Amino acid sequence: MLGICRTKASLTLQRLAKLNSFRALSSLGFTVMPKFALPSSNKHISTLSGISQHAIQRCSQWRCYASASSAGLSQDKITERVMTVIKLFEKISAEKLTIESHFMKELGLDSLDHVELLMAIEDEFGFEIPDQDAEKLNKPSDIIKYLCEKMEDRQYVCM
Amino acid sequence: MSVSAASLSSQRQRVLSLYRQILRLARQWPGRPGVADPATEAAYIRTEAGTLFRQHKSLSDPAVIESHIAEAESRINLALHYNIPYPRMPNLPPGCLATPGQPKRRTARGMDDALPAYMKSYKSGYAPKIK
């Protein structure tokens, strides 16, 4: 009988502690998702500090990604990477290649080679270029302009 | 039947998007662990697609192009289903093309006609190089 009372009391204490932890987290200013605020029964008290550390880690990860996009990917760096990828493409002779040279008309690529080249650029920059955008990218300068726009749209670097 | 420019360009877009789809498949090819190395098979997919697409690059009849598009789609679906990028060779032993009461020899033309649609590009004697 006493044992049952004790377990009931401990259960209500646990529930109070859950409410307290939720209030504490919201006072710290984190928008905590429900699964963080109400973890499984036995771990909630010990993970109060664990939750806030985890949330801090997540926020700092997002901050790092945001600064990487502004720091590492200026127009010059993008230009350099794009021209390197194009030079490594074996169907293009490096002498005739300039930023404004047209792939099909001046460099003699056919549409299948153009697709392969854009796949190489997708591999380099880590995101996919959809079909309707791909058919418009006919010069290295078009590619560089497109990538700069895409990098600005994104808040973090996609992998 | 007149060939309209619109149908040719839309076919061109479909062909290019099929090529792109095949190259994206090759990027993430899982292979079969213990049986087939994913890198070798991915290299095979790229070379095979490159060869076959370029072989038929100057076709102009829309019906023929349509049949080749169907061939590419069936190759893609078979590769995804079996996880094997190589073509599924049909088995044509001697006598299988015979009709009852009229046994025929296995002729080259008979074998060509009996090949499935996704083997269309292999009819003229082209065989894939499988290492």
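In the predicted model, a salt bridge (a side-chain nitrogen of Lys or Arg within 4 Å of a carboxyl oxygen of Asp or Glu) joins Arg27(B) to Glu122(A), with an N to O distance of 2.8 Å. This pair crosses between chains, running from helix H1 (residues 5-27) of chain B to helix H5 of chain A; helices are DSSP runs of H or I with at least four residues, numbered from the N terminus. Glu122(A) is buried at 4% relative accessibility, whereas Arg27(B) is partly exposed at 30%. Buried denotes under 20% relative accessible area, exposed over 50%, and partly exposed the range in between (1.4 Å probe, protein chains only).

A salt bridge also forms between Arg24(B) and Glu128(A), at 3.6 Å from N to O. Here the contact again passes between chains, from helix H1 of chain B to the loop between H5 and helix H6 (131-134) of chain A. Both pairs belong to a network of salt bridges that links Glu122(A), Asp123(A), Glu128(A), Arg24(B) and Arg27(B).

Within chain A, Arg81(A) pairs with Glu124(A), the closest N and O atoms lying 2.9 Å apart. Arg81(A) is partly exposed at 27% relative accessibility, as is Glu124(A) at 33%. Over all chains, the structure holds 15 salt bridges.

Residues are numbered from 1 along each chain as its sequence is written, and chains are lettered from A and ligands numbered from 1 in the order in which they are written. Local features need pLDDT of at least 70, side-chain atom pairs count only at pLDDT 80 or more, and totals for chains, interfaces and linings use all residues, while side-chain values use heavy atoms, with hydrogens and water left out.

Technical notes
Helices (H or I, at least four residues) and strands (E, at least two) are DSSP runs, numbered from the N terminus.
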